Amino acid sequence: MEYIITIEDQTLITAAEDIITRRYEWGRHHVGAALRTKTGEIFTAVHVEASMGRITVCAEAMVIGKAISEGYKEFDTIVAVRHSDPDSEEKEIKVVSPCGMCRELIADYGIDCKIIVSEDDRLAKYEITELLPLRYTR
């Protein structure tokens with residue numbers, strides 16, 4: 001089921017754009033994420049890139065950890081945005097879909113969390129279970 005993008009969702013996207021605009025550093029931080037809790041608090045974070053690619057920590061994981069560290073466990077909506085690289089012709093910050101590992105993490109910590117993605121040059125919002133059908137469970 002696709003959800004309508006609300007004013008609150010636009011605010012969440014703006015928060016993600018703001019954090020990556022402020023913290024962008026080529027080769028270190030090019031993705032920002034924003035997470036809204038069920039009670040309306042918004043948390044933001046950037047991804048932490050490592051020279052060894054597989055130990056890089058995604059922005060979605062960082063923001064989930066930040067919210068949990070502050071005592072929040074119930075998540076409403078999450079979004080990630082990517083800042084363009086300096087040599088890219090594209091200069092716009094864009095909404096991106098979470099990677100597979102982040103989809104698993106979001107589902108583990110927010111099974112009814114919604115995800116804002118870019119789909120066919122428009123924004124869309126889905127439940128995490130729609131982006132991760134037949135997910136792994138213990």
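Colleague: Asp-120 first. Buried or exposed?

Modeller: Exposed: Asp-120 has a relative accessible area of 71%. Keep in mind that this is a predicted model.

Colleague: Where is Asp-120 found?

Modeller: Asp-120 sits in the loop between strand 5 and strand 6.

Colleague: And what is the phi of Asp-120?

Modeller: Positive, about 55 degrees, although Asp-120 is not a glycine. Leu-134 also has a positive phi, of about 55 degrees, and is not a glycine either.

Colleague: Where is Leu-134, then?

Modeller: In the segment after helix 4, which covers 128–131. Leu-134 is exposed because its relative accessible area of 87% is over the 50% cut-off.

Colleague: Which residues line it?

Modeller: Ile-13, Glu-17, Glu-92, Ile-93, Lys-94, Val-95, Ser-118, Asp-121, Arg-122 and Leu-123.

Colleague: How many of the lining residues are charged?

Modeller: Five are charged, four are nonpolar and one is polar.

Colleague: Which helices or strands supply at least two residues of that lining?

Modeller: Helix 1 (7–23), strand 4 (94–96) and strand 6 (122–127) each do.

Colleague: Take Arg-122 from that list. What is its relative accessibility?

Modeller: 37%, so Arg-122 counts as partly exposed. Arg-122 is in strand 6.

Colleague: Salt bridges next. How many are there?

Modeller: The count comes to nine salt bridges.

Colleague: Give me one with Lys-125. Which side chain does it meet?

Modeller: Asp-9, with an N to O distance of 2.7 Å. Lys-125 lies in strand 6 and Asp-9 in helix 1, so the pair ties together parts that are 116 residues apart in sequence.

Colleague: Is that pair buried or exposed?

Modeller: Buried on both sides. Lys-125 has a relative accessible area of 6%, and Asp-9 is at 0%. Both count as buried because the values are under the 20% cut-off.

Colleague: What about Glu-25, which side chain does that one meet in a salt bridge?

Modeller: The side chain of Arg-28, at 3.8 Å, N to O. Glu-25 is partly exposed, with a relative accessible area of 40%. Arg-28 counts as partly exposed too, at 45% relative accessibility.

Colleague: And what does Asp-112 form a salt bridge with?

Modeller: With Lys-38, where the closest N and O atoms are 2.7 Å apart. The pair links distant parts of the chain, 74 residues apart. Asp-112 is in the loop between helix 3 (100–109) and strand 5 (114–119), while Lys-38 is in the loop between strand 1 (31–37) and strand 2 (42–46).

Colleague: How exposed are those two?

Modeller: Asp-112 is at 39% relative accessibility and counts as partly exposed. Lys-38 is at 39% and also counts as partly exposed.

Colleague: On to the surface. Which residues form a nonpolar patch there?

Modeller: Val-48, Val-57 and Met-62, with about 190 Å² of accessible area together.

Colleague: Where does Met-62 lie?

Modeller: In helix 2, residues 59–69. Met-62 is partly exposed, with a relative accessible area of 32%.

Colleague: Last one, Thr-11. Where is it found?

Modeller: In helix 1. Thr-11 is partly exposed, with a relative accessible area of 42%.

Colleague: What separates the C-alpha atoms of Thr-11 and Ile-55?

Modeller: 30 Å, for residues that are 44 apart along the chain.

How values were computed: Residues are numbered from 1 along each chain as its sequence is written. This is a predicted model: local features need pLDDT of at least 70, side-chain atom pairs count only at pLDDT 80 or more; totals for chains, interfaces and linings use all residues. Side-chain values use heavy atoms; hydrogens and water are left out. On a 1 Å grid over the protein atoms alone, a cavity is a set of points where a 1.4 Å probe fits but cannot get out, and a pocket is an open set with protein on both sides within 12 Å along at least five of seven lines; lining residues have an atom within 4 Å of a point. Helices (H or I, at least four residues) and strands (E, at least two) are DSSP runs, numbered from the N terminus. Ala, Val, Leu, Ile, Met, Phe, Trp, Tyr, Cys and Pro count as nonpolar, Asp, Glu, Lys and Arg as charged, and the others, Gly among them, as polar. Patches are made of residues with over 30% relative accessible area and no salt bridge: like charges are joined within 9 Å, nonpolar side chains (Val, Leu, Ile, Met, Phe, Trp, Tyr) within 5 Å. Accessible areas come from the Shrake-Rupley method with a 1.4 Å probe; for residues, only the protein chains shown count as cover. A salt bridge is a side-chain nitrogen of Lys or Arg within 4 Å of a carboxyl oxygen of Asp or Glu. Buried means under 20% relative accessible area, exposed over 50%, partly exposed in between (1.4 Å probe, protein chains only).
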